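Please keep the sequence and the structure in view while reading.

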Amino acid sequence: MGAGPPVAPGAPLTWVVGGGGLLGGHVRAALPGRRTEFVGPVVPWSDPDRARAALEEGAAALLARADHWQVLWCAGAGVTGTSQAQLDTELTMWGATLAALAPGAARGSVAFASSAGGVYAGSSPSPFDESSPTRPLAPYGQAKLTAESMLAQWVQEHGGAAFVARIANLYGPGQDLTKQQGLVSQLCWAHLEGRPATIWVSLDTLRDYLYAPDCASLLLDASDRLVEPGPRGSCGSGGRTVTKVLASQRPLTIGAVIGELRRIFRSRPSVVLGASPTSRVQARDLSMVSRVWTDLDDRTLTTFPAGVAATLADLRLRRQLAQGQRSR
């Protein structure tokens, strides 16, 4: 555990928690050449007690190895309809990890992947930025706000630096299809299987879709900025929590998404409009804009058609591999 090349001078040893997920996987893929990755213990997320012990063990090992460290928390299985009990369990593991990192807080920083849609769901007016009032409509959004507050309190009590990334709707290769989220991936998967996809909200619903590899790059650049000395970073001023919206800042209606997919599929996606208890906690307009560290947003993002094409290709390959395994 924790074996690997020596830490590059000036670069923090970086632990990506949740590296097997959509965002975490792309963050890990972008690490080589930027910083050294800390390989912690495998976290058995389905067993909360063992997961907590693994996270505490990983934190202790990270502090023992590195004079300069960083944790990028990309974990979390929660979605809008997740039960309060599950969310409470995730918050317990998050709190345990922060407590285990506290003895070395002055030497490190923590970045937390939050949900822009979750925390702004009931707010107005759009577009939402870092100064917009937060108003979750579901326990999921409230849990994200609680986790943000826990991190801010950790910095106040122990030092170090923290970055809260309020992230728009992620999509891209590697989406977990078992989670009831990911409109783009769900539509692509339904297309490959030749069946209709169910949409639970109105077609004029506005969302901001951010390609996961672009988000990973933004997150890493922001976490670099966080620890810069001087006025641009946070550590030069004694440590603080910085919150930034990570988004494409180009919202699309679900109807427009279906139109783009029609051009890529060369046929109209089969869609069924349905009703769900979670529909009442889904905002009609979740347009996003960032007004913090705006120079980081001055980059060329992957176009939506290119991102959808990559997502479709990934799902097609995964489906072919699964079919090949079943035929053996």
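Asp 214 is buried (under 20% relative accessible area, with exposed meaning over 50% and partly exposed in between, for a 1.4 Å probe and protein chains only), yet Asp 214 has no salt bridge. A salt bridge is a side-chain nitrogen of Lys or Arg within 4 Å of a carboxyl oxygen of Asp or Glu. The nearest side chain of opposite charge belongs to Arg 250, 6.8 Å away; Lys and Arg count as positive and Asp and Glu as negative, while His and the chain ends are not counted.

Asp 214 is part of helix 7, which covers residues 212–226. Helices (H or I, at least four residues) and strands (E, at least two) are DSSP runs, numbered from the N terminus. Once neighbours within four places in sequence are left aside, Asp 214 is in contact (heavy atoms within 4.5 Å) with Leu 301 and Thr 302.

## Basis of the description

The model is predicted: local features need pLDDT of at least 70 and side-chain atom pairs count only at pLDDT 80 or more, whereas totals for chains, interfaces and linings use all residues. Residues are numbered from 1 along each chain as its sequence is written, and side-chain values use heavy atoms, with hydrogens and water left out.

## Salt bridges

Side chains of opposite charge can pair when their charged atoms come close. By the rule given above, the count comes to 15 salt bridges. One of them joins Arg 166 and Glu 148, whose closest N and O atoms are 2.7 Å apart. This pair links distant parts of the chain, with Arg 166 in strand 4 and Glu 148 in helix 5, 18 residues apart. Arg 166 is buried, at a relative accessible area of 8%, and Glu 148 counts as buried at 7% relative accessibility.

Asp 221 forms a salt bridge with Arg 299, the closest N and O atoms being 2.8 Å apart. Asp 221 lies in helix 7 and Arg 299 in the loop between strand 11 and helix 9, so the pair ties together parts that are 78 residues apart in sequence. Asp 221 is partly exposed, with a relative accessible area of 22%, and Arg 299 is partly exposed as well, with 27%. Salt bridges that share partners join Arg 34, Arg 35, Asp 221, Asp 224 and Arg 299 into one network.

## Aromatic residues

Rings of Phe, Tyr and Trp (its six-membered ring) pair if their centres lie within 6.5 Å; planes under 30 degrees apart count as stacked, over 60 as edge-to-face and the rest as tilted. The count by this rule comes to nine aromatic pairs. The ring centres of Tyr 120 and Phe 128 are 5.4 Å apart and the planes are at 10 degrees, so this pair is stacked. Tyr 120 and Phe 128 are both buried.

Tyr 171 and Tyr 211 form a tilted pair, with 5.5 Å from centre to centre and 50 degrees between the planes. Tyr 171 lies in strand 5 (residues 169–171) and Tyr 211 in strand 8 (residues 209–211), so the pair ties together parts that are 40 residues apart in sequence. Both tyrosines, Tyr 171 and Tyr 211, are buried. Tyr 211 is also touched by Ala 310, as is Pro 173, not counting residues up to four places away in sequence. Ala 310 lies in helix 9. Elsewhere, Trp 45, Trp 73, Trp 94 and Phe 112 form one aromatic cluster.

## Nonpolar cores

A nonpolar core is a set of buried Ala, Val, Leu, Ile, Met, Phe, Trp, Tyr and Cys residues joined through side-chain atoms within 4.5 Å. The largest one has 35 residues, of which Trp 69, Trp 94, Leu 101, Leu 151 and Trp 154 touch the most other members. Elements that each supply at least two residues include strand 1 (13–17), strand 2 (69–73) and helix 3 (84–101). Helix 2 gives the most to this core, with seven residues.

Leaving aside neighbours within four places in sequence, Trp 94 is in contact with Trp 73, Val 110, Phe 112, Ala 147, Met 150 and Leu 151. Apart from this core lies another, of 28 residues, among them Cys 74, Ala 161, Ala 222 and Leu 301.
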